[in-house]
Amino acid sequence: MAKRTRSRWRDLPTAVWMLTPSLVILSVFVLYPLGQAIWLGHQRCDSQGDNCRSNGWDQYVDVARSDEFLHALGVTVKFVVLTVPIGLALGVGLAMLADKYLRGIGVFRAVFSSTVATSVAVASLMWLFLLQPDVGVLANVGFIEELFPVVKQPGLVRDPGTALGAVAASSIWANLGFTFILVTAGLQGIPRDLHEAAVVDGAGGVRRFWDVTLPLLGPTLLFVMIALTSRAFQAYGEMDLLTDGGPRPQDSTTTLTYLTYGGDSVINNNDGLQAATAVLLFAVLLVVSIVQLGAIGRRIHYA
Amino acid sequence: MPGDGTTTYDTPIGWRAVGRYGLLVLVAALVLFPVYTTVVAALKEGNQVLNNPLVPDGFTLRILAKAWDEGNLGRYLLNSGVVAVVITAAQLLTSVLSAYAFAILDFPGRTIMFGVFLATLLVPLEATLVVNRRTVDSLGWINSYQGLTVPFLATAFGTFLLRQVFLTLPRDLRDAAAIDGVGHLGFLRHVAVPLVRPTLGAMAMLSFLSAWNQYLWPNLVTTESDMYTVQSGLKQISEARLDEPNLVMAGTIIAAIPIVVVLLIFQRSLIRGLTSGAVKG
C-alpha cells in the first residue's frame, strides 16, 4: 500500500507539466469568463454601458422577466423546433436514398455531404442571394414572383411571418451534409444479415425501415439530434447575415445569441446586460443538455 | 415502385435502377441549387445579374478576378489559414499531453481534475465571449493573431477523445517501455502517438474545420480589414457590396474553395472525426 502511494506521487511532476498548457487556457478562457460573466451579469450599467456598479442580484430576475429576453427565448425555441426535426428527417431521407450499391453512388454521396464544407457565412450569403427581395434569385424569376408575391414584396427575409422560416431553411441546408454523413455511417453499421433475416420473414421495405433500420439507428439519431439542437440554440451567423435579427419592430429572428451579440441588438454595448443574457443562455442550454442526456440513459438500446 | 423485399428477384433490375437514379439526380439538384445560383451569379456581368438568374451568360473568370482584387480576399484566406493551422496544431499538442496524463499517469487529484476538464464541455462558447473580448482587449490583442487564436489553443473535447484511445493501449506496453528505461515523454512520442494516429487525424480535421468556420469571435475581436478572417471578411463584403451581388457571390465561391479542397483530401479523417463527436463553431 505504501509503495502504491509513493508511485502515485512519483508521476505528479510529469502530470503537472503535461496538464499545465490545457489547464491554463481552459481556466483563463472558459472557467474564468464564465465566473466573471456571472459576476458581470448582476452589475447595473448606465445607458452607455459604462459605470457598472453592483446593486444586488435582481438584474438576473429583471432580465429573465423582460419582454426582450422572453421574446428572444421564444424565437430561439421556435428556431430549434423548426430546424432540428426537419433537418434530421431530411438527413435520414438522403442517407436512405444513397444507401444502395449502385454505380456512381459515390458521386451522390459526395453531393449530399457537400454542405459540410460551407461555413455559416458562405451558406448564409448563398441563401441571402436566393431570398433577398431586390437582387435575389427567387424575386427575379418571373413565375416564382407571380406565384408567391411575398418573395418580392416585402421579401422572405423581410416579412415578419416568413423571416424565421427563411433563416431556418438556410440553417437546415447548411447542416444537411453533417447529418447525412453521420446517418450514413450509422446505416453502414447495421449488419446486413438483419435485413436479410427480415426479408426471409416477409417484411417489406416500409416494415423493415420502422422495425429494423430505425431502432438500430437510435443511438446515431440521438447523437445527431443533440448536436443539431446544440447548434440551433447557439446559431448566430445566419441571423446576423440574413436578417440582422429583424424584421423590426417584431424582431422576428432575434434569438438569444443575437440579443447578446448582435450589432443591432438593444443591449449592444451594455456589458452587464450582455453578460446576464449570456449566462441565462448557458442556464437554458444546461437544462436542455441534462434532459437530453437523461434520454440517452433510458430510451436507447445500443446495438 | 413495388415493395423492396420479396420482389427483389423477379423485378427487372433496369426499371428499379432508373427510378432510383432519377430520384437521386432530382434530390442532388435540389441540394446543389443554392450553389448553382451562386455560380451563375458569379459568371454574370454586374448589370445582367437580375436577368434570368437561373441561366448562365457564358463562362468568364473576370468577376472572380475582380472580387479577388477588390475584396482583400487573399489576405482573409491567409488569416484564416494561419488561425486554423495554429489552433489545430496547438490543440493537438495540448490535448495529447493532457490526455496522456489522464489516461496513463496516476496522480493524486486526477479524478477531480478530469471532472474540471469535462465541466468545461458544458460551457457554451456564447457564454464566455463577452468576458473573453474584454480579456483580449485588456491584453492589447484586438486585431491580432493572438486574439484570434489564444482562447482556443486547448480543448477539453480533444482531451476526452484522445484519453479514450490512450486507455485502450495495453498496460504491458508501458510497463515494458519503463523496464527498458523509456520515460513518459519518450513513450508518448515513440509509442503512444504513432499508435493513435487515426484518431489524431480525425481530431485535427474537426479542429481545423471549427477554427476555419468561426464566425462570432473574429467579428468581435477584429476591426481592421487586414486582420479579418474569411468569415468576418465575407460579412464586410456583403454589407459593402450588396448592390453588386455577382461580386459578393464570387467572393463567397473563393472563400469556399480552399476548405472544399482540404475536405476532399482528408475526407476519411473528417468522417471519422464527425462520427466521433460533434463540434462546430
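**Cavities and the domain interface of chain B**

The lining of the largest cavity holds eight nonpolar residues, three polar residues and no charged residue. (Ala, Val, Leu, Ile, Met, Phe, Trp, Tyr, Cys and Pro count as nonpolar; Asp, Glu, Lys and Arg count as charged; the others, Gly among them, count as polar.) This is a predicted model: local features need pLDDT of at least 70, side-chain atom pairs count only at pLDDT 80 or more, and totals for chains, interfaces and linings use all residues. Residues are numbered from 1 along each chain as its sequence is written, chains are lettered from A and ligands numbered from 1 in the order in which they are written, and side-chain values use heavy atoms, with hydrogens and water left out.

**Largest cavity**
- The structure holds three cavities of 30 Å³ or more. (A cavity is a set of points, on a 1 Å grid over the protein atoms alone, where a 1.4 Å probe fits but cannot get out; lining residues have an atom within 4 Å of a point.)
- The largest cavity has about 60 Å³ of space. (Volume is the space filled by probe spheres set on the points, with grid points joined across faces, edges and corners.)
- Its lining includes B:Ser80, B:Phe152, B:Trp212, B:Trp217 and B:Thr229.
- In chain B, α3 (73–103), α10 (197–213) and α11 (216–221) are the elements that give two or more residues to this lining. (Helices are DSSP runs of H or I, at least four residues, numbered from the N terminus.)
- α3(B) supplies the largest share, three residues.

**Second largest cavity**
- About 50 Å³ of space lies in the second largest cavity.
- α6 (120–131) of chain A and α13 (245–265) of chain B each supply at least two of the lining residues.
- Eight of the lining residues are nonpolar, two are polar and none is charged.

**Domains of chain B**
- Chain B is assigned domain 1 (6–60) and domain 2 (67–276). (The bounds come from an automatic or database domain assignment.)
- The C-alpha centres of the two domains lie 35 Å apart.
- Eight residues of domain 1 are in contact with five residues of domain 2. (Contact means heavy atoms within 4.5 Å.)
- The two domains bury about 470 Å² between them, 80% of it on carbon and sulfur atoms. (Buried area is the accessible area, with a 1.4 Å probe, that two parts lose on being put together, summed over both.)
- On the domain 1 side, B:Thr38, B:Ala42 and B:Val49 lose the most area, together 65% of what that side buries.
- Zero salt bridges are found across this interface. (A salt bridge is a side-chain nitrogen of Lys or Arg within 4 Å of a carboxyl oxygen of Asp or Glu.)

How values were computed:
On a 1 Å grid over the protein atoms alone, a cavity is a set of points where a 1.4 Å probe fits but cannot get out, and a pocket is an open set with protein on both sides within 12 Å along at least five of seven lines; lining residues have an atom within 4 Å of a point.
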